[in-house]
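The following paragraphs lead the reader through selected parts of one protein chain. The sequence and the model should be kept in view while reading.

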Amino acid sequence: MGQVLDQKGETVIGASVIVKGTSNGTITDFDGNFTLNEVKTGDMIEISYVGYQTQVVQYDGKTLKITLKENTELLDEVVVVGYGVQKKRDLTGAISSVKMDETPVNTYSTVSHALAGKAAGLQVTQSSAQVGGGSTFRIRGAASTGAGNDPLIIIDGIPVSSGSSLGSGNRYNAGTTDNVLSSINPNDIESIEVLKDASSTAIYGSRAGHGVIIVTTKRGKEQKAQVRYSGNVSVQTMKNGYKALNGPEYMEYYNRFTYEDYLMTNGLGIYENYVDLGAGHEAPEYHPTYSPDQIANAQNTDWFDEVSRTGMMHSHNVSVNGGSKTTQYMASLGYMGQSGVVKNNNMDRVTAKINLDQTLSKYAKAGISLNISRNSLDNVPLGTGTFENAGILSSAAMFNPTLPVYDENGKYSVNPYFTQLPNPVSLLEITDKTTKDRILASAYLQIEPVKGLILKANFGIDRQYEKRKQYLPKTTMYGEQANGQASISQSDNNDYLMDLTATYMKDFGNHSLTVLAGYSFQQFNSEWVSAGNQDFITDGFLYNNLGAGNFAKPSVGSGASKTSLGSYFGRINYSYLSRYLLTLTMRADGASNFDPDNRWGFFPSVSAGWRFSDEPFMASLNDVVSNGKLRISYGQTGNSNVGNRTMNLYNTGYNNVFGNTIHTGVLASQLGNPNLTWETTKEFNVGLDLGFINNRISLSMEYFNRTISDLLVKEKSLPSYNEVTSIASNIGETKSQGFEMTLNTVNIDNRDWTWTTDLTLSLYRDRWKERDPNWKPAAYQKEDDWIRSMYSFVSDGLMQPGEERPKHQPTLMPGQIKMKDLDKNGVLDDHDKVLLGSKDPAFLFGFNNTVRYKNFDLNIYLYGEVNALKGASYYDDWTTMGYGFTQGRNSSQGFKDTWRHDNQHAKYANITGVGPDGAGDYFIKKISYLRCRNITLGYTIPVSNKILNNIRVYADVNNPFVLTNWTGLDPETDNGNSYAYPNVTSFSLGVDITF
């Protein structure tokens, strides 16, 4: 019936041939021939093969001879860069691209959760697993020590910032909920580009010192209107809960603790030779606190169970996409609702999106982008506070499990030995609501007065409005003390943007030239107001009647700020024979927060590329090496993220009474530094891109070397006799280097099966290069140590009975932690501390597999980190509380394996405490983890095109497992917090329908 050949006239073996719209298909044989049964004249036949462009031909009843052309789509793929786009084959900088149509996002509350491990060099860490929890983004490490390491995030051409969440107005906070991408519906995103080296980021100058993330949303296409609905529902359970002692265990180990303390205090048993109480000392008789009957019949309250539940999430998205030659549009509406695993912790998000492009004439085009979102959160007290500042999780961890939720009078029970700790269930009575509204809007006008010259004006606004309302009722411990406490705060941030650019493109002979010149102006406006009151006659008002409070001096506050940034920039892209590539970039930024003499910073870069795979001497290898490009770049970017620190500032306070009148006092609050200037990043990058077997295997590798000089710090210490004892300054220099690799493979691609794999690997090393001239190193420090170093005494196991005390630890008791006297001088001091290493991981990785068989699709996505130094987890740390146990504070199950006179082979130190010199490095170890982010199985149901274009159903398990040596809740979201929000596993069912 036909034959399939390549452009050289050679047969293509194993090409897929199918009658379009049916399951009638076959593959070509060793001679490239194929035969199909029941084919009618006029049928459309689709021919495809990996590495070649898919072709569709109409059967005319005759023998077909089809010639497949090589698929250069990978190289011709367009990548978004600063103020424009470039073909991937022409890039000379280090840029990673994530196409969101290849990423299952329907079951994520925010797209940031889908990015970890997807782009080499980008580290995405979930700051908290709570509802609406924040994420941190780091590109190639974090080598700025005082001015932040956040990358610049650009959404549809608008640089956006992550606004800080409002405070509560009282002792409780709501955890970490700030996430700059949480206002974007993941289903609306087309692609995300990560600009990593100075060559690609220099076009953004002073805001790009730590990389750039460009988010591009979907735009309309020239097609018949296509309507799509996607929806899913998820059930969420705690991945790992806190493993605390239950009521009977608490009583048992309370007795064990007090008995061990009794033996040690009175020098009895194994402690006899370690305690000198003098002649004639008689030990009192020991009486256990709890009898066997009390232990057997103990009250058992699982406080974590009392404040947690099964979580739920559901989302629904409707979009329409279409257009004509002159008008293209895309509009969407989305809703997501989530109930967290901690009671009363909820979130709702509503988003609306419109993108419109309109051709006005042969020479002019205009368009708009509008994204509106509202995030509504029901907060609960979280955070890292302890004791009287404890939130729900920390109070549940510490509260005595032998106490009931309510006492005999129906009130919330109170720990008589630890009265300042609130009952965790009582904290659920707090009403705390946050509303975050965001409008991202932009409009552009583009004119092409002559061929090749494009003039474009882009105007944008990013408006963030946030309001938080909180009420502590009298049923809570501190609400009762204040007789009801209410607060309301709100902030309004408005950022304005104007970009004016001119782009000229010209090809002449073997030369290609693109020149960009532009001007940008941004203004950042912020204002906030807050008010609070207490002493209310009823809880019924909540925060809706602040004037009803009777407090003598209700709290009130307000503030405002305005800054601006003006910039000139230009870029030249030149190529010769499409093989020799050169890019020159320059940007000049003027920031209003610097003194006029230091206001302007200049950030140049240069990069070059050589497409050696297109050289004549590579022609014989083109069947094997289908793509080869060497890249090299050097450039500078900046950072001005230090606030307004050049002027002296004054504040009110310390009022005085003269006569019968209170006079407001004024005091200096900030000492200005007019010499403050830009923090500058200088970066060298070399990259290699390779493609094999028609790009069936694609490999990209990068090496970078970076220094950051004139480090901005907000608080350089001044002598104590100054009225203000710190000042902002430029101090020191850091250095970084690293390696990145991305490997993409097409493992199988035929008529029925497709299997692709993506692997990313990143590593970076951040060190000090030069410190503050006034820096006085400790004995264990060096000038070029890791930026996030860990120092400690070196532990030497637990001292056993009969063992002689070390001379440098003269008060050590059996079961406590021994330390090494490294300098052998008989004294334990700073000279015995060592550098253990860096808190940064040895490397990060991501591993993504997508398999399609006929109408089935399967995606498995994993990522992780290797060998990051961490201290004690909650499970370990709680075993060291010592006398805190007698205050009615609970401990972890690890407390059962603490060292005692009758448990001398225990894992953990003496039940009474680790010893006089702390734990040293006893709990510090290198932590690694492999997380399965999600497993998604989908099936596309065959339907008639007359009814639907497409219907796909899927099941998804999010965060099904984590392989790790970490003993805490989660190696990613714990973040050094002993009372972290538990991570969740989600089970989802969903459907995608296209009309």
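Helices, as the word is used here, are DSSP runs of H or I with at least four residues, numbered from the N terminus. The model itself is predicted. Helix H3 covers residues 247-265, and Gly267, which follows H3, has a positive phi near 60°.

Arg256 belongs to helix H3, and it is partly exposed because its relative accessible area is 28%, which lies between the limits of 20% for buried and 50% for exposed. Its side chain meets that of Asp902 in a salt bridge, with N and O 3.4 Å apart. This pair links distant parts of the chain, for Asp902 sits in the loop between strand S46 (898-899) and strand S47 (908-910), 646 residues away from Arg256. Asp902 has a relative accessibility of 46% and therefore counts as partly exposed.

The model contains 33 salt bridges in total. One of them joins Arg611 and Asp614, whose closest N and O atoms are 3.1 Å apart. Are the two partners buried or exposed in some part? Arg611 is buried, since its relative accessible area is 1%, whereas Asp614 is partly exposed because its value is 30%.

A further salt bridge connects Asp840 with Arg788, the closest N and O atoms lying 2.8 Å apart. Here too the pair links distant parts of the chain: Asp840 is in the loop between strand S43 (833-838) and strand S44 (843-853), Arg788 is in the loop between strand S39 (753-770) and strand S40 (789-793), and 52 residues separate them. Asp840 has 11% relative accessibility and so counts as buried, while Arg788, at 22%, counts as partly exposed. Salt bridges can also share partners, and in this way Arg140, Lys196, Glu683, Arg706 and Glu740 are joined into one network.

Attention now turns to strand S27, which comprises residues 580-591 and contains Asp589. Asp589 counts as buried because its relative accessibility is 0%. What does its side chain reach? It reaches the backbone nitrogen of Ser206, at 2.6 Å. When neighbours within four places in sequence are set aside, the residues in contact with Asp589 include Tyr204, Gly205, Leu565, Arg599, Trp600, Phe603 and Trp678.

Leu582 lies in strand S27 as well, but this residue is partly exposed, because its relative accessible area is 33%. Leu582 is one of the residues of a nonpolar patch on the surface, together with Tyr504, Val515, Ile572, Leu584, Val606, Ile632, Tyr634, Phe684 and Tyr703; the accessible area of the patch is about 750 Å². The elements that contribute two or more residues to the nonpolar patch are S27 and strand S29 (625-639).

Asp90 and Ser578 are 488 residues apart in sequence, yet their C-alpha atoms are 7.7 Å apart in space. Apart from residues up to four places away in sequence, Asp90 touches Leu581 and Lys629. Asp90 is partly exposed, since its relative accessible area is 25%.

Asn483 is placed in the loop between helix H7 (477-481) and strand S24 (485-508), and its phi is near 60°, a positive value in a residue other than glycine. Asn483 counts as partly exposed because its relative accessibility is 29%. Asn694 likewise is not a glycine, although its phi is positive, at about 55°. This residue lies in the loop between strand S34 (679-692) and strand S35 (697-709).

Conventions
Residues numbered from 1 in each chain as written. Predicted model: local features only at pLDDT ≥ 70, side-chain atom pairs only at ≥ 80, totals over all residues. Heavy atoms only, no water. Expected span 1.5 Å × (residues − 1). Buried < 20%, exposed > 50% of the residue type's maximum accessible area, 1.4 Å probe, protein only. Polar contact = N/O pair within 3.5 Å; in protein donor to acceptor, adjacent residues only side chain to side chain. Contact = heavy atoms within 4.5 Å. Patch = residues over 30% accessible without salt bridge, like charges linked within 9 Å, V, L, I, M, F, W, Y side chains within 5 Å. Areas by Shrake-Rupley, 256 points an atom, 1.4 Å probe, with all protein chains shown as cover. Salt bridge = Lys/Arg side-chain N within 4 Å of Asp/Glu carboxyl O.
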